[in-house]
Structure formats: C-alpha cells, structure tokens
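Colleague: I would like to learn how to read a protein model, one feature after another. Could we begin with how open a residue is to its surroundings?

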Amino acid sequence: MTSLRADRVVRRLGDKVVVDDVTLSLRPGETVGLLGPNGSGKSTLLRLLAGTLAPSAGVVSLDGRPLPDLGRRATARRIATVEQHAHTQTELTVRDVVALGRIPHRRAWTPPTAADAAAVTEALRRTGLTDRAGQSWHTLSGGERQRAQIARALAQRPRELLLDEPTNHLDIQHQLDLLELVASLPVTTVIALHDLNLAAMYCDRLLVLRDGRAITEGTPTEVLAPALIEQVYGVPTEVTHAPGHPVIHFLRPAARDESPPERSVTSDAPTAH
C-alpha cells in the first residue's frame with residue numbers, strides 16, 4: 001500500500017532540470033531519507049511531494065489521487081512540511097507559531113477549539129518548548145526556531161511529514177532527540193539530510209539524488225557503500241556496521257606527494273676579471 005507517491009516527476013527552472021524523472025513510493029509509517037550533495041534536488045523534490053510546486057512532468061498522488069484533484073486544503077490536512085529556513089516579520093509568540101499548524105483544520109474566521117488547543121499543547125511538550133510558549137519567536141535561537149517549526153508541523157496532526165534538513169542549527173543532543181521524536185511518530189516521513197550517519201540510524205530507506213536524478217534507492221545497508229559515497233560526494237570512506245545500521249567513517253584525502261621545487265644555487269664568490 002502506498003500513501004504518497006511521485007511518479008516520474010520532472011521540475012524545470014528555465015533551461016535547467018532541477019528534478020529529473022524521479023519516482024518515489026512511500027509506504028505508510030516508514031521514514032525515507034533523501035540524500036545528495038547541495039543542488040541535487042532534495043528540497044525541490046520535497047516541495048513537489050508537498051504540492052507547493054507543480055511538476056513540469058509526471059504526477060504526485062496521495063492515496064492514488066493526484067494532488068491537484070484533492071485541493072490545497074485537503075492536502076494541507078494530510079501533509080505537513082518543515083523547511084530549512086522560516087521567517088516572519090509579524091510579532092508572534094511560540095504558541096502562536098505552533099498554532100498555525102491548526103489552520104487547515106479550522107473554518108475561516110472561527111475561534112480555536114479545545115482540540116486545537118490540545119494539539120498545540122501536545123506539540124509544544126513533545127518538542128521541549130512548553131516553557132517557551134509565551135516567548136517571542138524572534139528571541140529564539142536558530143535551533144529553538146527549528147524546534148518551533150517542528151512543533152507547528154506536529155500540531156497539524158499530519159499523516160505525512162516532510163522535513164528539509166531539520167537538524168540544521170541543532171547541537172548533537174537535540175539532533176538525536178529530534179530524530180528520535182520523528183522516528184517515533186505514527187506518520188510517513190520523508191527527511192532530507194546531509195549527515196549520512198544520522199540517515200543510517202533513523203531511516204528505513206534512502207533515496208540518493210545527484211544533479212536531480214535518482215542514483216539509487218534501498219535500505220541504509222544496501223545504499224551506504226564506500227563506492228557509492230565516493231561517486232556521489234567525492235569523499236573516500238570506510239563503512240563498518242553497528243547493530244542495525246552501517247557506520248560511515250570519513251577518511252582524510254591522501255596528501256599530495258609533491259616534491260619541493262628545486263632551488264637554484266648562486267655562488268657568492270667574486271667573479272674573476
């Protein structure tokens with residue numbers, strides 16, 4: 001059974017093909033990691049899956065129905081997104097930001113319900129922001145802002161969750177806490193990551209992109225081989241195995257064996273005349 005599916009999607013930007021003939025089928029409840037260097041098409045693919053960008057070719061469907069047929073409101077009730085950078089000029093508290101996740105579930109101009117308030121309170125608790133609820137969003141650190149955006153997505157009560165580099169700006173403890181939280185949620189998750197070891201620890205499947213095209217797809221053990229990592233990232237590695245997942249060890253590039261240039265020798269002896 002497939003919940004969200006991209007079928008041979010293409011996205012062009014002028015003459016450039018940003019996503020090129022990518023197919024991805026998501027099974028309910030799994031966590032899929034998108035890997036690839038900067039500019040490989042991860043963020044664009046996430047926006048196509050969310051329906052915020054329309055494919056130039058191909059189709060994205062939810063439970064077998066194309067997203068345009070569902071409409072934006074119905075799609076927003078099912079799919080929550082967290083992008084890399086969130087900005088607002090409006091003075092909002094953290095609770096206000098998290099409450100934005102309830103908008104798809106409310107009729108226009110109606111006050112929040114008890115269910116809305118409960119969803120916001122639970123999202124704040126799960127992301128460790130309860131004590132920041134009344135604080136201005138603008139006073140938060142970068143990591144706290146990211147956690148607030150995660151809380152907004154959780155308040156939406158989605159069945160599909162799309163996250164674009166959610167661990168940016170977070171220290172190691174909060175990276176692990178966040179991914180533990182995401183992995184524990186009863187939702188289908190697609191998460192773009194740069195950290196290959198975090199992807200290996202927390203993702204059920206990986207899709208590797210380069211220059212907009214899908215290079216390979218499979219479990220972390222199947223995908224994260226030294227040859228593939230060097231092909232995609234240009235970095236030599238060794239891969240060992242911890243219980244349940246591979247561990248990537250990055251190697252320092254070999255030092256170039258360059259001999260120092262020859263020095264010309266000039267005699268200081270006086271020249272005979």
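Modeller: Gladly! Gln135 is partly exposed, with a relative accessible area of 27%. On this scale, buried means under 20% relative accessible area, exposed means over 50%, and partly exposed lies in between (1.4 Å probe, protein chains only). Please remember that this is a predicted model: local features need pLDDT of at least 70 and side-chain atom pairs count only at pLDDT 80 or more, while totals for chains, interfaces and linings use all residues. Residues are numbered from 1 along each chain as its sequence is written, and side-chain values use heavy atoms, with hydrogens and water left out.

Colleague: Where is Gln135 found, and which residues is Gln135 in contact with, leaving aside its neighbours within four places in sequence?

Modeller: Gln135 sits in the loop between α5 and α6. Helices (H or I, at least four residues) and strands (E, at least two) are DSSP runs, numbered from the N terminus. With neighbours within four places in sequence set aside, Gln135 is in contact with Leu92, Thr93, Val94 and Leu140; contact means heavy atoms within 4.5 Å.

Colleague: What about Ser141, in which part of the chain is it found?

Modeller: Ser141 is found in the loop between α5 and α6. Ser141 counts as partly exposed, at 36% relative accessibility. The C-alpha atoms of Ser141 and Val235 are separated by 32 Å, and the two residues are 94 apart along the chain.

Colleague: Now the helices. At what angle do α5 and α6 pack?

Modeller: Helix α5 (residues 114–126) and helix α6 (residues 142–155) pack at about 140 degrees, and their axes are 8 Å apart. That makes α5 oblique to α6. Angles under 35 degrees count as roughly parallel, over 145 as roughly antiparallel, 65 to 115 as roughly perpendicular and the rest as oblique. The axes are lines fitted to C-alpha atoms, for helices over the stretch in contact, and angles run from 0 to 180 degrees between N-to-C directions.

Colleague: Which residues meet where α5 and α6 touch?

Modeller: From α5 come Ala119, Val120, Ala123 and Arg126, and they meet Ala151, Leu154 and Ala155 of α6. By type, the residues of this contact divide into 6 nonpolar, no polar and 1 charged. Here Ala, Val, Leu, Ile, Met, Phe, Trp, Tyr, Cys and Pro count as nonpolar, Asp, Glu, Lys and Arg as charged, and the others, Gly among them, as polar.

Colleague: Next, charged pairs. How many salt bridges does a search of the whole structure find?

Modeller: The search finds 13 salt bridges, each being a side-chain nitrogen of Lys or Arg within 4 Å of a carboxyl oxygen of Asp or Glu. In one of them, the side chains of Arg213 and Asp20 meet at 3.0 Å, N to O. Arg213 lies in strand β10 (residues 213–218) and Asp20 in strand β2 (residues 16–26), so this pair ties together parts that are 193 residues apart in sequence. Both ends can be read on our accessibility scale: Arg213 is partly exposed at 41%, and Asp20 counts as partly exposed at 23%.

Colleague: Are Arg102 and Asp116 buried or exposed?

Modeller: Both are buried. They also form a salt bridge, in which the closest N and O atoms are 2.8 Å apart. Arg102 lies in the loop between α4 (94–99) and α5, and Asp116 in helix α5, so the pair ties together parts that are 14 residues apart in sequence.

Colleague: And what is the partner of Glu144 in a salt bridge?

Modeller: Glu144 pairs with Arg132, the closest N and O atoms being 2.8 Å apart. Glu144 in helix α6 and Arg132 in the loop between α5 and α6 are 12 residues apart. Glu144 is buried, with a relative accessible area of 14%, whereas Arg132 is partly exposed, at 25%. Elsewhere, salt bridges that share partners join Arg27, Glu30, Arg205 and Glu217 into one network.
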